[in-house]
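Please open the model in your viewer and keep the selection tool at hand.

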Amino acid sequence: SGEVDKLEKDNFEEVNKMAHVFDVSWLTKRCLKFYKTDVLKFENYSYKEMLFACKIASRAHYNLKDSRYVSCFVKNVTFSGNSKFFFLQRYMAGFSELPKRRIDMSLAIAADNLNIISNCLVTYISFNLKCKGLDENSLYMLQKLDVQKFSRTFPTELNELTDFLVTITKDSECAEMKAVVENFVKGRNTEESSSFKEELEVDENTEDVQDSDGEDCKDVANQTEEIE
């Protein structure tokens with residue numbers, strides 16, 4: 001365990017990568033514990049700190065096929081007031097150029113607060129695309145967004161978004177755009193709407209998020225400060 005004792009934020013990801021490559025289960029668990037107890041222990045609750053932890057979770061999911069880090073981030077970083085909105089607003093800046101994994105992570109962080117995603121999307125389409133249609137990332141987000149969850153939590157906002165999408169695409173000749181919007185509209189009334197897509201999901205009930213001491217990913221820190 002000598003190497004584990006030297007775990008620091010600067011070398012943590014490299015150690016975690018090697019632990020996954022060589023399938024050293026006890027070391028992967030220790031790395032997960034370090035992530036929870038050290039990386040997610042924010043000193044200033046700043047955007048920079050949270051972004052650092054967020055990127056680690058995303059890379060672990062896509063590069064190491066380990067979704068536990070996304071679960072830990074989402075479960076342990078508790079946003080208060082409008083802080084989640086402010087975080088996602090900055091995290092999703094430059095939306096047209098965002099890699100798909102960042103959009104997936106945005107949806108995971110938003111969780112039940114899909115009204116935030118809707119707000120950001122409408123703002124982007126209105127001011128950046130001038131309501132002239134939808135670009136690749138807008139279409140991708142609409143395909144990934146859980147319409148059923150949105151309907152249960154923010155039905156009014158979902159209806160407003162749907163009406164907005166129908167209005168700006170009604171004269172479009174783009175078959176893909178029309179198909180995506182039509183599926184989105186149908187999604188309000190069918191439980192099968194999300195069956196075709198793979199989401200970056202946060203597993204609420206899994207032993208995979210347990211560390212070597214048997215602790216699951218909960219309450220590492222009650223992060224309630226506003227995002228700086």
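Contact here means heavy atoms within 4.5 Å. The model is predicted, so local features need pLDDT of at least 70 and side-chain atom pairs count only at pLDDT 80 or more, while totals for chains, interfaces and linings use all residues. Residues are numbered from 1 along each chain as its sequence is written, and side-chain values use heavy atoms, with hydrogens and water left out.

Select Ser106 to begin. Ser106 belongs to helix α7 (residues 100-110); helices are DSSP runs of H or I with at least four residues, numbered from the N terminus. Apart from neighbours within four places in sequence, Ser106 is in contact with Leu88, Tyr91, Met92 and Ile117. Is Ser106 buried or exposed? Its relative accessible area is 0%, so Ser106 is buried (under 20% relative accessible area, with a 1.4 Å probe and protein chains only). Next, display the backbone of Arg102: the side chain of Ser106 reaches its oxygen at 2.8 Å.

Now select helix α6 (residues 83-91) and helix α8 (residues 114-127), whose axes come within 10 Å and cross at roughly 40°. The axes are lines fitted to C-alpha atoms over the stretch in contact, and angles run from 0 to 180 degrees between N-to-C directions. Show Lys84, Phe85, Leu88 and Gln89 of α6 with Ile116, Asn119 and Cys120 of α8, which make the contact.

Finally, select Thr162 in helix α11 (residues 155-169). Thr162 is buried, at 1% relative accessibility. Beyond neighbours within four places in sequence, Thr162 is in contact with Phe184, Val185 and Arg188.

Definitions and conventions. Helix = DSSP H or I, 4+ residues; strand = E, 2+ residues; numbered from the N terminus. Buried < 20%, exposed > 50% of the residue type's maximum accessible area, 1.4 Å probe, protein only. Polar contact = N/O pair within 3.5 Å; in protein donor to acceptor, adjacent residues only side chain to side chain.
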